[in-house]
Amino acid sequence: MKDVENFLKRFHSSENVDEVFTCGCCYWFAAVLFGRFIRDGATIMYDEVANHFGTRIKGRVYDITGDVTDKYKWVPWESITDSSLRARIVRDCIMF
């Protein structure tokens with residue numbers, strides 16, 4: 001989607017932006033995308049095996065690197081109901 005790709009380009013003014021948002025801060029970039037594209041029905045997504053967050057926008061999932069729909073096994077973040085798993089993810093990945 002052209003709007004998302006244009007939005008992502010604005011973040012690449014720093015050399016290590018991909019590293020920052022794929023190695024520890026992926027939730028926060030997913031939250032940025034969610035906030036920007038909420039009108040398009042954005043949903044924060046999570047892959048438990050890779051421990052990675054992305055944002056689904058109009059049927060495709062994005063992170064700082066672009067369209068990663070087929071790269072991970074995505075589930076909606078809000079669908080994770082195991083309270084101990086969710087607490088661990090929040091502690092280690094979101095509120096680090």
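Reply: Let us begin with covering, which rests on contact, meaning heavy atoms within 4.5 Å. The model here is a predicted one, and in it the elements that cover the buried residues of helix 4 include helix 3 (26-37), strand 1 (43-47) and strand 2 (52-57).

Me: What makes L85, I89, C93 and I94 of helix 4 lie on the same side?

Reply: These four residues, L85, I89, C93 and I94, are buried in helix 4, which spans residues 83-94, and because they cover an arc of only 100° around the axis, they fall on the same side of that helix. The face turned away from this buried side carries S83, S84 and R91, which are exposed.

Me: Why are helix 1 and helix 3 called oblique to each other?

Reply: Helix 1 (residues 2-9) packs against helix 3 at an angle of about 130°, the axes being 12 Å apart. Roughly perpendicular covers 65 to 115 degrees and roughly antiparallel begins over 145, so the pair counts as oblique. Their contact is made by D3, V4, F7 and L8 of helix 1 together with F29, V32, L33, R36 and F37 of helix 3, and by class it has seven nonpolar, no polar and two charged residues.

How values were computed:
Residues numbered from 1 in each chain as written. Predicted model: local features only at pLDDT ≥ 70, side-chain atom pairs only at ≥ 80, totals over all residues. Heavy atoms only, no water. Buried < 20%, exposed > 50% of the residue type's maximum accessible area, 1.4 Å probe, protein only. Helix = DSSP H or I, 4+ residues; strand = E, 2+ residues; numbered from the N terminus. Arc of directions from axis to C-beta. Axes fitted to C-alpha atoms, helices over the stretch in contact; angles between N-to-C directions. Parallel < 35°, antiparallel > 145°, perpendicular 65-115°, else oblique. Nonpolar A, V, L, I, M, F, W, Y, C, P; charged D, E, K, R; others polar.
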